[in-house]
Protein chains: 4
Amino acid sequence: MSDPQESDSDETAPLQINGVTIEPTFAEAFDMKATRVIVTAIDAYWARQAAVAMSGFGTSVIDCKIEIDIERELTADETPDGRPGFALLGFAMSGDGLDKQIVRRCGQCVLTCPTTSLFSGMEHLRDQTDKRVALGKALRFFGDGHQISKWIEGQRYWRVPVMDGEFLCQHDAPRTDGIGGGNFLLVADSIGVALQAAKTAVDAIAPLPRVIAPFPGGVVRSGSKVGSKYKTLVASTNDAYCPTLRGIVDSKLTSDQNAVLEIVLDGLDFDSIATAIGTGVHAACEAFGQKGLLAITAGNYGGKLGRHHFKLHEILR
Amino acid sequence: MSDPQESDSDETAPLQINGVTIEPTFAEAFDMKATRVIVTAIDAYWARQAAVAMSGFGTSVIDCKIEIDIERELTADETPDGRPGFALLGFAMSGDGLDKQIVRRCGQCVLTCPTTSLFSGMEHLRDQTDKRVALGKALRFFGDGHQISKWIEGQRYWRVPVMDGEFLCQHDAPRTDGIGGGNFLLVADSIGVALQAAKTAVDAIAPLPRVIAPFPGGVVRSGSKVGSKYKTLVASTNDAYCPTLRGIVDSKLTSDQNAVLEIVLDGLDFDSIATAIGTGVHAACEAFGQKGLLAITAGNYGGKLGRHHFKLHEILR
Amino acid sequence: MSDPQESDSDETAPLQINGVTIEPTFAEAFDMKATRVIVTAIDAYWARQAAVAMSGFGTSVIDCKIEIDIERELTADETPDGRPGFALLGFAMSGDGLDKQIVRRCGQCVLTCPTTSLFSGMEHLRDQTDKRVALGKALRFFGDGHQISKWIEGQRYWRVPVMDGEFLCQHDAPRTDGIGGGNFLLVADSIGVALQAAKTAVDAIAPLPRVIAPFPGGVVRSGSKVGSKYKTLVASTNDAYCPTLRGIVDSKLTSDQNAVLEIVLDGLDFDSIATAIGTGVHAACEAFGQKGLLAITAGNYGGKLGRHHFKLHEILR
Amino acid sequence: MSDPQESDSDETAPLQINGVTIEPTFAEAFDMKATRVIVTAIDAYWARQAAVAMSGFGTSVIDCKIEIDIERELTADETPDGRPGFALLGFAMSGDGLDKQIVRRCGQCVLTCPTTSLFSGMEHLRDQTDKRVALGKALRFFGDGHQISKWIEGQRYWRVPVMDGEFLCQHDAPRTDGIGGGNFLLVADSIGVALQAAKTAVDAIAPLPRVIAPFPGGVVRSGSKVGSKYKTLVASTNDAYCPTLRGIVDSKLTSDQNAVLEIVLDGLDFDSIATAIGTGVHAACEAFGQKGLLAITAGNYGGKLGRHHFKLHEILR
């Protein structure tokens with residue numbers, strides 16, 4: 001599968017999956033800067049505490065400055081130091097912004113957490129790019145001069161003395177280009193069905209690599225449109241998809257469509273997000289088609305703001 | 001128990017609990033501004049997603065701007081709308097800072113999360129103070145003019161249309177004075193014992209009201225001292241408590257003390273923090289005294305920076 | 001969809017989903033007796049403790065005497081008493097066996113657990129069948145004469161005095177016919193992929209009603225064949241699917257198929273199990289097709305032992 | 001601390017901890033047979049699935065035939081094969097009963113669970129006793145002749161071919177004497193306080209080795225007395241501690257004591273249980289003394305049935 005934004009395909013034939021209408025539309029997504037870091041600890045409990053703390057308040061760049069989430073849990077034989085760990089993916093609008101946020105969050109949530117170590121999760125890119133996000137490069141100064149540099153297999157690490165021994169931390173991590181704002185919407189006859197269908201989609205997406213769903217539980221209910229009647233507000237409620245506004249605004253919801261939930265996806269490339277959309281939509285439709293899940297659609301801005309277009313019919317047909 | 005910072009007691013007799021030495025020292029804590037908000041949802045799963053997201057990256061005001069955590073889970077009969085929920089406590093250095101951070105986090109993590117509602121958790125103070133933190137007062141504009149004001153029993157709420165129906169949100173929440181930086185340190189012969197003793201203390205403190213332990217898993221391993229050899233760094237590793245620096249710096253650790261962990265506590269008043277220190281220390285000492293937990297101590301700055309002093313011997317004797 | 005075991009369809013055309021071969025075979029399943037009970041408590045934590053305890057050691061009727069698992073968590077507005085709860089489905093080979101096991105498990109794991117109540121979860125069948133499983137009918141005697149009978153809307157309940165107040169328990173629950181042993185197998189190139197694909201399938205099946213996957217984490221790795229070289233053993237390892245026995249026995253695995261995991265499903269009717277097979281297979285294939293998941297197959301005994309046949313090509317085509 | 005049942009101490013002075021009355025009574029406990037097994041897996045998730053399944057429906061020997069629970073989670077460097085794992089303790093009334101139940105549960109819940117291995121957790125006793133519980137000795141036959149014996153450092157293991165590779169299983173595990181039925185009761189002014197105090201006690205006990213609290217969430221609300229007005233019932237509700245029976249029976253509860261919860265403990269020796277009682281009682285009293293936790297007492301049968309007596313005043317003074 002390749003980035004099809006230049007495609008002129010005219011696929012307008014109706015599409016259904018298990019009785020669920022797939023709307024002939026597309027999700028519009030944006031260029032971002034991304035990196036992966038790996039947090040390990042003496043056991044999965046403490047690694048999880050650091051990873052959960054670090055990925056909190058990281059739902060949208062608008063106010064969080066970064067979109068960040070656990071990519072997946074790692075077994076001991078998947079991590080650089082042979083301990084249990086978690087891979088996290090972070091996305092920001094600029095390389096500098098990413099660098100600043102990653103350092104802050106690692107300093108507050110990993111350096112502080114008992115027994116953790118911190119590593120780059122993109123070593124395969126080290127020789128291909130000079131772009132870096134600072135890890136130990138910035139955090140080492142906490143050692144107040146007692147930190148020790150360490151070279152292992154050509155890579156630089158820092159050993160920073162702390163109260164439980166030493167915080168081991170790689171010097172920096174490569175960063176890369178990413179894509180933010182991939183999405184799909186689940187339209188259901190009730191909030192009960194919408195919730196279960198969304199959770200099924202999120203659970204099916206969870207094990208996939210290279211993609212995160214950064215909102216709480218992976219789901220958004222406050223879909224937004226660009227702009228507002230209030231001049232200082234850059235985004236406001238997507239009134240066309242608000243069931244309580246049917247009859248008041250120009251709604252896109254029919255009379256039996258009473259709840260809509262959105263899944264927003266950030267990924268390291270086009271295919272990762274397309275695969276996640278396909279996986280999530282199929283899982284939800286298989287489980288809740290003909291049981292109240294009525295339609296799948298996607299959010300876009302007419303194609304003018306973001307250069308990545310995920311056409312549902314191309315992905316799902 | 002009352003705030004004993006004026007006390008001149010000369011309690012210097014040695015104190016032990018189940019064989020664990022309690023050092024004759026005190027924790028030094030600071031004035032902060034605080035509020036409690038309540039997040040509810042259709043079930044505990046979704047309430048938890050919002051609460052966990054909202055309280056992430058909220059360990060220390062230095063870089064997070066707010067210290068925030070779940071105070072405790074609420075059963076349906078404890079919440080304003082009879083649904084399962086969570087109470088969160090947030091602490092910041094100023095009222096304005098608190099206001100700004102609470103609005104941002106509620107906007108990114110509660111407004112966005114399926115089925116949630118948001119309430120003040122300090123209604124008993126509404127008539128006693130004019131200090132407020134904005135909730136719906138700020139978040140309502142997301143409704144783009146379609147939000148509806150609602151008065152219930154003299155209180156103002158907002159109904160903001162979103163894709164799963166309406167986001168119900170109280171107008172504002174009273175704020176109050178709080179105390180940040182209460183603490184104690186667990187000194188053990190090994191990191192294994194230190195981890196288990198710290199987790200036991202955190203688990204015992206968890207059900208207590210009016211207090212949070214905002215670091216990952218409730219525990220800090222990167223204790224800090226004020227200042228650094230690097231001029232721009234306001235805090236650096238507490239070298240006196242780093243086991244790997246024994247023999248290099250003027251250490252406070254004896255040769256058998258190989259791991260130290262700290263529990264930092266923010267609370268709504270002096271007694272809440274004192275009770276939490278007492279509860280956590282007793283639980284850890286009962287479980288791990290004579291099994292590797294060697295001493296309990298506390299962090300202070302000579303008493304000059306923070307006006308609240310938690311003397312361990314007064315609390316624990 | 002209806003029970004197709006009489007079908008003579010000759011669907012032998014090859015079938016693939018996202019590159020995963022669907023074998024032209026069927027799962028063979030058996031008649032069982034089934035019931036649903038609902039456990040509620042003051043909050044989801046305690047309801048879960050009872051439900052998890054009650055559904056442990058309930059993987060296979062062979063040695064556990066019952067196959068039992070949580071069907072799904074219930075929100076407060078879905079339960080008879082308006083408290084959070086869990087629905088559990090239990091299956092046994094006979095009505096008497098089911099009755100005996102349900103009473104024992106409720107007595108040991110629900111009656112004992114703080115704040116719980118116990119209800120029938122099949123009230124819609126009460127007027128359609130006389131078959132019953134005892135609940136309070138048997139458990140009430142624990143009250144030693146102090147239990148009180150209570151009629152609510154034509155149904156009998158028992159209030160049994162216990163140390164935290166009273167255990168409220170419905171008199172009995174209807175039972176019905178069920179089907180046990182529905183299944184499918186995931187064949188992968190590595191155990192890593194097999195584990196993730198199986199977990200994805202289980203997560204997608206989890207929200208579905210009327211069906212459970214009773215093995216640990218929903219997955220079995222010890223697939224069995226009928227009989228053994230040891231006369232007293234009724235079942236033994238399914239050597240044709242053991243990767244380490246390729247070259248030793250008549251294997252069904254090719255040289256790149258290195259790990260197989262099975263998902264076993266018990267359901268209240270044919271369609272529930274067929275839907276679960278379809279949902280689980282689609283989710284796994286969408287997520288791991290072309291990434292190491294190679295084939296989906298199913299277990300049967302030549303069609304002679306169980307009268308329910310789930311033909312993969314009919315379900316998935 | 002040694003088994004004090006022969007003690008004639010006359011400690012009748014009143015005892016309080018943080019305002020909570022400690023009743024001058026004792027818990028009466030029984031001789032049992034015990035063993036520890038260790039379950040490991042590729043990661044903590046799958047090890048937990050097996051451990052949770054295996055320890056379900058294992059609250060009381062009366063109907064479960066075994067009392068079994070997770071002793072604690074093990075980090076990778078604590079297990080025989082360097083993988084994450086769980087230690088479980090099982091207790092039964094006889095060695096034969098223990099052997100039968102452990103084999104059944106391991107066969108249904110560990111052999112079946114992806115990637116698990118099974119080990120003895122009492123190797124330090126192998127040279128001190130000939131008593132054994134069968135593990136691979138019985139489970140190996142599932143291999144249908146394809147199982148392979150393996151000797152490592154003088155110990156016998158079995159490699160049983162299964163669909164995900166091989167199930168590695170130690171031949172047998174030593175068993176030892178244990179004690180069942182250690183206990184204490186928390187008496188509170190409300191069920192809310194009783195629940196939180198009990199959970200605090202259980203959380204503080206959880207990290208302790210050599211002891212389990214086998215009831216749901218570690219807590220029992222259906223305390224029992226020996227015998228019943230119904231001749232076939234060997235135990236019935238402990239009416240003296242039922243708040244709804246005050247005024248009807250000879251109650252031990254005062255008018256402000258409205259909820260009682262019990263924590264039952266099985267341990268490998270007297271001191272393990274005594275330490276757990278001390279730890280749990282202290283944690284609960286520190287956290288909820290003067291907040292509604294009113295008294296701590298214990299259950300016994302006049303000292304005639306069980307030979308181990310845990311005197312609260314001796315343990316807690």
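User: How many residues does the contact take from chain A and from chain B?

Analyst: This is a predicted model, in which local features need pLDDT of at least 70, side-chain atom pairs count only at pLDDT 80 or more, and totals for chains, interfaces and linings use all residues. Residues are numbered from 1 along each chain as its sequence is written, chains are lettered from A and ligands numbered from 1 in the order in which they are written, and side-chain values use heavy atoms, with hydrogens and water left out. With contact taken as heavy atoms within 4.5 Å, chain A gives 72 residues and chain B gives 72 residues.

User: What area do chain A and chain B bury between them?

Analyst: The size of an interface is often given as the accessible area lost when the parts come together. Buried area is the accessible area (1.4 Å probe) that two parts lose on being put together, summed over both. For chain A and chain B, 65% of that area lies on carbon and sulfur atoms, and the total is about 6100 Å².

User: Which residues of chain A lose the most area to chain B?

Analyst: Three residues together account for 18% of what the side of chain A buries. They are A:Phe57, A:Met163 and A:Arg221.

User: Which residue of chain A forms a salt bridge with B:Asp164?

Analyst: A salt bridge is a side-chain nitrogen of Lys or Arg within 4 Å of a carboxyl oxygen of Asp or Glu, and the rule finds 4 of them across the interface of chain A and chain B. In the one that B:Asp164 forms, the closest N and O atoms are 3.2 Å apart, and the partner is A:Arg221.

User: What relation superposes chain A on chain C?

Analyst: Copies are superposed by least squares on the C-alpha atoms of residues with pLDDT of at least 70 in both. A rotation of 180° with 0.0 Å of shift along its axis places chain A on chain C with an RMSD of 0.0 Å. That is the relation of a two-fold axis.

User: Which residue of chain A comes closest to the rotation axis?

Analyst: The distance is taken at the C-alpha atom, and its value is 2.5 Å. The residue is A:Ala283.

User: How many salt bridges does the rule find across the interface of chain A and chain C?

Analyst: This contact takes 16 residues from chain A and 16 residues from chain C, and the two chains bury about 1300 Å² between them, 60% of it on carbon and sulfur atoms. Across this interface the number of salt bridges found is 0.
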